Amino acid sequence: MILPIVGYGDPVLRKVGTAITPDYPNLKETLANMYETMYNASGVGLAAPQVGLPIRIFVIDTTPFSDDEDLPANKQKDLKGFKRTFINAKIVKEEGEEWSFNEGCLSIPDVREDVYRKPTVTIEYCEEDFVMKTEVFDGLIARVIQHEYDHIEGILFTDKISSLKKRLIQKKLKNITEGKTFQDYRMKFAAAKKGR
């Protein structure tokens with residue numbers, strides 16, 4: 001089922017997600033809905049807070065990035081079909097020299113900014129089987145993981161840009177909060193909740 005994506009300004013996007021246990025109700029259905037919602041919105045990642053759930057889950061599928069002709073063939077191959085569910089994730093280490101990439105977010109439509117992140121990430125997480133594993137990722141896969149991980153920590157990519165850039169996008173962010181934005185996927189806005 002395609003769920004509405006929560007827009008910028010909703011308090012759920014600022015909550016630190018709660019870890020879940022294997023008996024979390026309707027987990028399989030929640031994950032299936034998250035993937036369906038992400039694909040419907042042409043996203044490469046989606047975190048539970050973005051569908052209104054303050055829990056530590058995010059899903060990613062970097063396949064759309066594999067079409068980038070500017071990337072070397074081995075990187076395109078890594079990105080193609082890289083689909084992963086992260087439950088109760090914890091980033092243990094971020095390493096390397098920060099690099100810039102133009103990021104966007106399904107909860108913040110029509111806003112894209114260059115964000116600096118470290119290129120390599122070590123992360124502990126479970127997949128649906130709840131077996132804890134530790135893996136190291138780099139490049140665009142690491143970046144998508146870091147972006148989605150921020151969501152379960154209550155952080156948005158707009159928090160990582162300069163104060164000048166923040167001022168320049170203030171009006172756009174206010175419009176999103178008020179639901180004055182148009183995109184081709186369902187959204188739910190903070191202002192609508194307040195009955196305005």
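Q: Quick one to start: does Gln50 count as buried or exposed?
A: Gln50 counts as buried, at 1% relative accessibility. Keep in mind that this is a predicted model.

Q: Where in the chain is Gln50, then?
A: Gln50 lies in a loop, the one between strand S2 (45-47) and strand S3 (57-61).

Q: And which residues does Gln50 touch?
A: Not counting residues up to four places away in sequence, Gln50 touches Pro4, Ile5, Val6, Leu13, Gly45, Cys105, Leu106, Ser107, Glu148 and His151.

Q: Let me step back a bit. How many helices and strands does the chain have?
A: The chain has five helices and nine strands. Along the sequence they follow the pattern β-α-β-β-α-β-β-β-β-β-α-α-β-α.

Q: How compact is the chain?
A: The chain is as compact as a globular protein of that length, because its radius of gyration is 16 Å, close to the 16 Å that the globule rule gives for 196 residues. If you want the box, the C-alpha atoms fill roughly 45 × 40 × 30 Å along the principal axes.

Q: What share of the residues count as buried?
A: Of the 196 residues, 47% count as buried.

Q: Switching to charges: how far apart are the mean positions of the positive and negative ones?
A: They are 7 Å apart, for 29 positive and 30 negative charges.

Q: OK, strands now. How do S5 and S6 pair?
A: Strand S5 (residues 99-105) and strand S6 (residues 108-117) pair in the antiparallel sense, over six bridges. Together S5 and S6 form a hairpin, with two residues between them.

Q: Which residue in S6 stands opposite Trp99?
A: That would be Arg117.

Q: Staying in S6, is Val111 buried or exposed?
A: Val111 is found in strand S6, and it counts as buried at 2% relative accessibility.

Q: What is Val111 in contact with?
A: Leaving aside neighbours within four places in sequence, Val111 is in contact with Glu103, Gly104, Cys105, Phe157, Thr158, Ile169, Lys172 and Ile176.

Q: And how far is Val111 from Leu173?
A: They are 62 residues apart in sequence, and 8.3 Å apart in space, C-alpha to C-alpha.

Q: Now S4. Is Thr85 buried or exposed?
A: Thr85 is in strand S4 and is buried, with a relative accessible area of 5%.

Q: Which residues does Thr85 touch?
A: Not counting residues up to four places away in sequence, Thr85 touches Leu31, Tyr35, Phe58, Val59, Tyr125, Cys126 and Glu127. For a distance to check on screen, Thr85 and Glu128 are 7.2 Å apart, C-alpha to C-alpha, and 43 residues apart in sequence.

Q: I also wanted to ask about backbone angles. What is phi at Asn88?
A: Phi of Asn88 is near 55°, which is a positive value in a residue other than glycine. Most residues other than glycine have a negative phi.

Q: Where is Asn88 placed?
A: Asn88 is in strand S4 (residues 83-95). Asn88 counts as buried at 17% relative accessibility, because buried means under 20%.

Q: And what is phi at Asn26?
A: Asn26 also has a positive phi, near 55°. Its place is in the loop between strand S1 (5-6) and helix H1 (27-40).

Q: Is Asn26 buried or exposed?
A: Asn26 is exposed, with a relative accessible area of 54%.

Q: What is Asn175 in contact with?
A: Asn175 is in contact with Lys180 and Thr181, leaving aside neighbours within four places in sequence.

Conventions:
Residues are numbered from 1 along each chain as its sequence is written. This is a predicted model: local features need pLDDT of at least 70, side-chain atom pairs count only at pLDDT 80 or more; totals for chains, interfaces and linings use all residues. Side-chain values use heavy atoms; hydrogens and water are left out. Helices (H or I, at least four residues) and strands (E, at least two) are DSSP runs, numbered from the N terminus. Buried means under 20% relative accessible area, exposed over 50%, partly exposed in between (1.4 Å probe, protein chains only). Two strands pair if DSSP finds at least two bridges between them. Contact means heavy atoms within 4.5 Å. The radius of gyration is taken over C-alpha atoms; the globule rule is 2.2 Å times the number of residues to the power 0.38. Lys and Arg count as positive and Asp and Glu as negative; His and the chain ends are not counted. The place of a charge is taken as NZ of Lys, CZ of Arg, CG of Asp or CD of Glu.
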